[in-house]
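Let's take a walk through this structure together. Have a look at it first, and then we'll start where the two chains meet.

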Amino acid sequence: MTDRTTSPAPAPSPAAGPATLLVLADGRFPAGGHAHSGGAEAAVKAGRIRDAAGLEEFCRGRLHTAGLVAAALAAAAALGLDPAELDAAADARTPVPALRTASRKLGRQLLRAARAVWPAPGLDALAAAFPRGAHQPVVLGLTARAAGLGPRDAAYAALYESVGGPATATVRLLGLDPFEATAVLARLAPALDDLAGRATAAAHRARDEGAGVLPAASAPLLDIAAHQHAQWPVRLFAS
Amino acid sequence: MTAGASGVRAHARITAAADGRGGTALPELAGSGPLALRRTGCDGPEAHVTLVGAMSAPLGGDRLALTADLGPGAALRLTSAAATLALPGRCGTAARYDVRLTLADGAALRWLPEPLVSVRGSELAVSTRAELAASARLLLREELVLGRAGEASGLLGSRLTVVREGRPLLDQEVCFGPGAPAGWDGPAGLAGHRAVGQLLVVDPAFAQRPPAARELGEHVVAAPLAGPALLVTAVAPDALRLRALLDEAAGHYAWSAACGTT
C-alpha cells in the first residue's frame, strides 16, 4: 500500500535529546503560561471541578479537544509546515475572541523567551511575520524545531501544558492537595502518549494534504465559559 | 440510490441560480432515497426547498450526501420537514452524512435543518463543508440532541468546516456519546447537557460592522470569528430549550429574505 499518511518522508532527525524537552516543557520555562488556568478557573467557579476526580475528568476532556488540536498544530510547525497556514488553521479552530487573544499573547511571550534560549532564523522570521503574536501552539512547534526537537516532542510539550496548567491552577483555586493534583497528571500519562502519537501522525498527513486535515476537536462548554471568564471584573488567571 | 448489505447510499443535489428576474431558479432538484426534496415556495429573491424524510434514516452503514450549489446571486432557504433520527443499523457499522455547500459571489444560503437526534445504539458521523466566495452569505444552524426524551445517546460526531475565499474561517469537530473520546460529558465537555447547537452567520457586512462577543444567556455565547462571521454556541438541557436559545440569537444576527441585502 502506498499510503502517504502512514509512511511520511523522513523528517530531519532531531538533534536534541530528552533533556532539551524537559527544559521546554518545564512549567518554570519563562513564557507566561503560569497566568493561565486553561478554563479551570471558570469550571471551579461553576462548581464543575470540586475535587481531584473532577480535575481528572476536566483534564481528559481538555486533552482530547484543545490539547489534541494544539499538539497537532505544534507538531506540524515542528515538522516545517508553513507557519502562516497553521496560524490560520488555529484561528479557524478558536471561535472565541478571548481565547484567540490569549493564544496570541502566550505565543508572543513564548517567542520572546525562545529567541533568547534557542536563537534561530526561523524564530526571527516568525516574529517579523507576526508582530502581534502568532498562535501559541505554532510558536511552540517552531521553538521545538529551533531547539533541535522533533514533531512528537512538540506534541508532548503542548499536551503536557494543556493539563499542567489546569492542575496547577486547581491547587491554587481549590486548595487541592498538590500530591493529588500530580497523581491526576500521572494517571493521564497513557492518554498523553496516545494523543502525542495521533497528533504527530496528523501533522505528517497535513504535510501532504494541507493544514485542513489537522484535528479540529472542540468543546462547546469550554468555549462558552472562556468568553464568560474573560468578562469577570476580578479573576486570578488570565484564561 | 442504491441499497446493499452495507446500507443505503443516497445523494441529493440542489443547484440554484439567479433567474435574471430577481428570483432564484432551481435547475437541479434531485432527491435520492431517504433524501427527498420539495420546492416549497419563494419569498422575493429566495427560493424555498424542504428536505422531506422519505424513509427512516440514517441507519447504521448508510452513506447519505446532500449537495447544494448556489450560483452568483442565487438565494436559497433550505429546511427539513422533521428531525433527523440517527438509528442503529443491522450491520453495526457507522452511518455517514455529508453535506456540501458551495456559494458563489452574491449567493445567500439559509441552511436551517431540524435537529439531529442520536438514538441509543446508533453511530453517525456528520460532515458539513461550506465553501464561500467573498461576497456570499451563509446562515447555518446545527442542533445535536443526545438521545430521545429520557434515552441514552448513541455515538454522534460532527465536523463543520467553512472556507471563505480559500481560507479556513471555521473548523470544529465535536463527538459525543458512548465511545466518544474520554471527558465528552465531563466538566470540560457537556457536563450533563443533552443538546448542543450552533448558529453561524457569515456576512461580508460584518467586515465594516464587526459584532461584539456577547453572552446571550447562561450557556449561550455569540462570538465573532477571525473573519466576517459570527458563531453562536449554545448548550441546553434539551432540544426545545436549545431551539429557543438559537431562535433568539437568530433574531439578533440573522437576515431574513425580505431584507435580502444588508
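Predicted model: local features only at pLDDT ≥ 70, side-chain atom pairs only at ≥ 80, totals over all residues.

Between chain A and chain B there are 11 residue pairs in polar contact, both residues being at pLDDT 80 or more. A polar contact here is a pair of N or O atoms within 3.5 Å; within protein, one must be able to donate a hydrogen and the other to accept it, and residues adjacent in sequence count only if both atoms are side-chain atoms.

Residues are numbered from 1 along each chain as its sequence is written, chains are lettered from A and ligands numbered from 1 in the order in which they are written, and side-chain values use heavy atoms, with hydrogens and water left out.

How many residues does each chain put into the contact? Chain A gives 32 residues and chain B gives 37 residues, where contact means heavy atoms within 4.5 Å. About 2600 Å² is buried between the two chains, with carbon and sulfur atoms giving 64% of it; buried area is the accessible area (1.4 Å probe) that two parts lose on being put together, summed over both. One salt bridge crosses this interface: the side chains of A:Arg93 and B:Asp171 meet at 3.3 Å, N to O. The rule asks for a side-chain nitrogen of Lys or Arg within 4 Å of a carboxyl oxygen of Asp or Glu.

Over all chains, the salt bridges number 23. One of them joins B:Glu114 and B:Arg243 (3.4 Å, N to O). B:Glu114 sits in the loop between β10 (108-112) and β11 (116-118) of chain B and B:Arg243 in helix α1 (residues 239-253) of chain B, so the pair ties together parts 129 residues apart in sequence. Helices (H or I, at least four residues) and strands (E, at least two) are DSSP runs, numbered from the N terminus.
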